[in-house]
Amino acid sequence: MESFLSPGLIISLFILVIGIVIIAKGLVIVRQSEVMVIERLGSFHRVLESGVNIIIPFIERPRPITMIRYIRAGEDYHAVVSDETRIDRRETVMDFPGQPVVTTDNVTVKINGALYYQIIDPRRAVYEVANMSQAVEVLAKTTLRSVVGKMELDKLFESRAEVNSAIQAEMEEPASKWGVKLTRVEVQDISMPEEVEEAMRLQMAAERKRRATVTEAEGEKSAAIAMAQGQRESSILNAQGDKESAILRAQGEQESIKLVLNAIGDTEENKRTVVGYLLGQSYIKALPTMAKDGERVFVPYESSALLGSMGMFREMAGSPEDTVRQHIQRDGLRSGAVAGAGTST
């Protein structure tokens, strides 16, 4: 037994154990989308990519990076700080707590945002900034206050996309110095004081009422215009009809007067007789309309004289139609008498 555990064998076993430990310590398997920053004797040496890598134990060691992540429990956020030797190069989201921001119209709102970033250069993320995740978070908060502080409250609700683009543009340059690429920034929730929210509700209700009133007024205006246009067209058509009717009546009266004058003779006395008769008919037609307006009717003196002349005209000569008939008969008798005289001779 003593010969089996010789000093040389013990030394060999010790060296073998040390070798196994060195190999186990020096063999590093890096997963996909992860890297490790390796230091040799306290200074940067290289970056291990995904796959199987070998390092020298006790001489080379990975440099950890400090990461801060928030765990949301209801309305509260709890920060979790960890030192990680494996740096994740995938896109990471940072949902940081809401921050009070004052707008240009002196309204304090609480904005909760989310930041999406990706580590592009692990060496800069480790050596250019002490705490990369905290630096990105503070930069996002200060940039958010700066951008939102230049806007009014109403404009903030209307242009969230502009706010996101402005924050990302201002954070891109300083973040690139730390080896970080900002993919996008999102403003999630905007909380306001109760009195401001109530005032906005009242303003919104008043604005909707104003729009309804304007719409109703425009509708009434359009209806009134359409009605006026309809009345105008109707009046024009009625006037045209009255004009044509008056012309036709005048032409008819003109023809009737010509026929009467041709029958009784075209003398001045006969003309006055026919005109007086026509005027008397107009007065007679107008009397019922004049009597509707009151119990007493005032008839002009000329009309009473004219009506008397009409009565006398009817008694002496009858109506103009009778006069025409008498003239025709008289002309017929005269022609017959002339014919008889010619026969007797």
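I begin with Glu207, which is partly exposed at a relative accessible area of 29%. Here buried means under 20% relative accessible area, exposed over 50%, and partly exposed in between, with a 1.4 Å probe and protein chains only. Please note that this is a predicted model, in which local features need pLDDT of at least 70 and side-chain atom pairs count only at pLDDT 80 or more, while totals for chains, interfaces and linings use all residues. Residues are numbered from 1 along each chain as its sequence is written, and side-chain values use heavy atoms, with hydrogens and water left out.

Glu207 forms a salt bridge with Arg210, and their closest N and O atoms are 2.6 Å apart. A salt bridge is a side-chain nitrogen of Lys or Arg within 4 Å of a carboxyl oxygen of Asp or Glu. Arg210 and Glu207 are three residues apart in helix H6 (residues 194-264), so about one helical turn separates them. Helices (H or I, at least four residues) and strands (E, at least two) are DSSP runs, numbered from the N terminus. Arg210 is partly exposed, with a relative accessible area of 46%.

How many salt bridges does a search of the whole structure find? The search finds 13. One of them joins Lys141 to Glu137, with the closest N and O atoms 2.8 Å apart. Both residues lie in helix H3, four residues apart, about one turn of the helix, and both are buried.

Another salt bridge is that of Glu60 with Arg46, at 3.6 Å between the closest N and O atoms. This pair links distant parts of the chain, with Glu60 in strand S5 (residues 60-62) and Arg46 in strand S3, 14 residues apart. Glu60 is buried at 4% relative accessible area, whereas Arg46 is partly exposed at 28%.

I turn to aromatic rings. The whole structure contains one aromatic pair. Phe44 and Tyr127 have ring centres 5.9 Å apart and planes at 80°, so the pair is edge-to-face. Rings of Phe, Tyr and Trp (its six-membered ring) pair if their centres lie within 6.5 Å; planes under 30 degrees apart count as stacked, over 60 as edge-to-face and the rest as tilted. Phe44 is in strand S3 (residues 43-48) and Tyr127 in helix H2 (residues 122-127), so the pair ties together parts 83 residues apart in sequence.
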